[in-house]
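Have the sequence and the 3D view open as you read.

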Amino acid sequence: MIRFAATVTTLLMAMSIQSAFAQARVAILHLAPFADTLDGTAVNIAANGTVLFENVKFKDFVDYTELPAGEYTIDIIPVGATDPAISETLTLSDGVDYSAFAVGDGVKQDLALVAVVDENNAPADAANVAVRVIHAAPFAADVANTTVSIRTAGGDVVNGLTQVPYLGNSGFFDIPADTYDLKVASVDGSVNLIDPLPALLPAGAAVTIYAIGDGMNQPLGIIAFPVG
């Protein structure tokens, strides 16, 4: 369960004095499989030294939180520790939505926090869904060996995504809203690496599909933000 620290209100009030009308929105996702139990992955997340979220575990995400535009040092601190496992500086611009996701397992791939700009405008065609694919599964130490393709259940390549490396980002593309049975496969499609159940991608939404897990501490899988 994600807990919002009481001090978040204090931080927002203090910073809003300087930037009353300059606001950004940030969603935070914990996609870093650095421990072999979910409790072992639990972290607290701080911005500029103030803890905003507590007990965030692998596969948890914090929906959009409004923050004054500006520069933030984001620290991700394992529960029970004092030193951050990840510390990154993010610059947030007025009126922009971001997703910041923790990645890496600390063995095959380094721990890091990656921020991407979200496009939350509805697709031009109301019957479509805007989809983005991000490879956040650190299952090999050599980035070349993490390369995957994105395919349908029948093996058809989705939007030309045949060479997606670790931390690869497809950008948003529109497809008809429907229930999709998508796979993360080897480049040639001969091996399914991630084979989730079919999922509904709803009309008018903007959805990011993250490949997650390292196949060692945590199993390979996907999470779709913000639909879960």
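Two strands pair if DSSP finds at least two bridges between them. Strands themselves are DSSP runs of E, at least two residues long, numbered from the N terminus. What you're looking at is a predicted model, where local features need pLDDT of at least 70, side-chain atom pairs count only at pLDDT 80 or more, and totals for chains, interfaces and linings use all residues. Residues are numbered from 1 along each chain as its sequence is written, and side-chain values use heavy atoms, with hydrogens and water left out.

Start with an open sheet of three strands, in the order β11-β14-β15, with antiparallel pairing. At its edges sit β11 (149-152) and β15 (192-194), each pairing on one side only.

| Pair | Bridges | Facing residues |
|---|---|---|
| β3 (residues 43-47) and β4 (residues 50-56) | four | Ala-47 and Thr-50 |
| β14 (residues 182-185) and β15 | two | Val-184 and Ile-194 |

β3 and β4 make a hairpin with two residues between them. In that turn, Asn-48 has a positive phi of about 50°.

Next, find Ser-99 in strand β8 (residues 97-103). Is Ser-99 buried or exposed? Ser-99 counts as buried because its relative accessible area is 1%, and buried means under 20% (exposed is over 50%, partly exposed in between, with a 1.4 Å probe and protein chains only). Beyond its neighbours within four places in sequence, Ser-99 is in contact (heavy atoms within 4.5 Å) with residues including Ala-27, Tyr-64, Val-116 and Phe-225.
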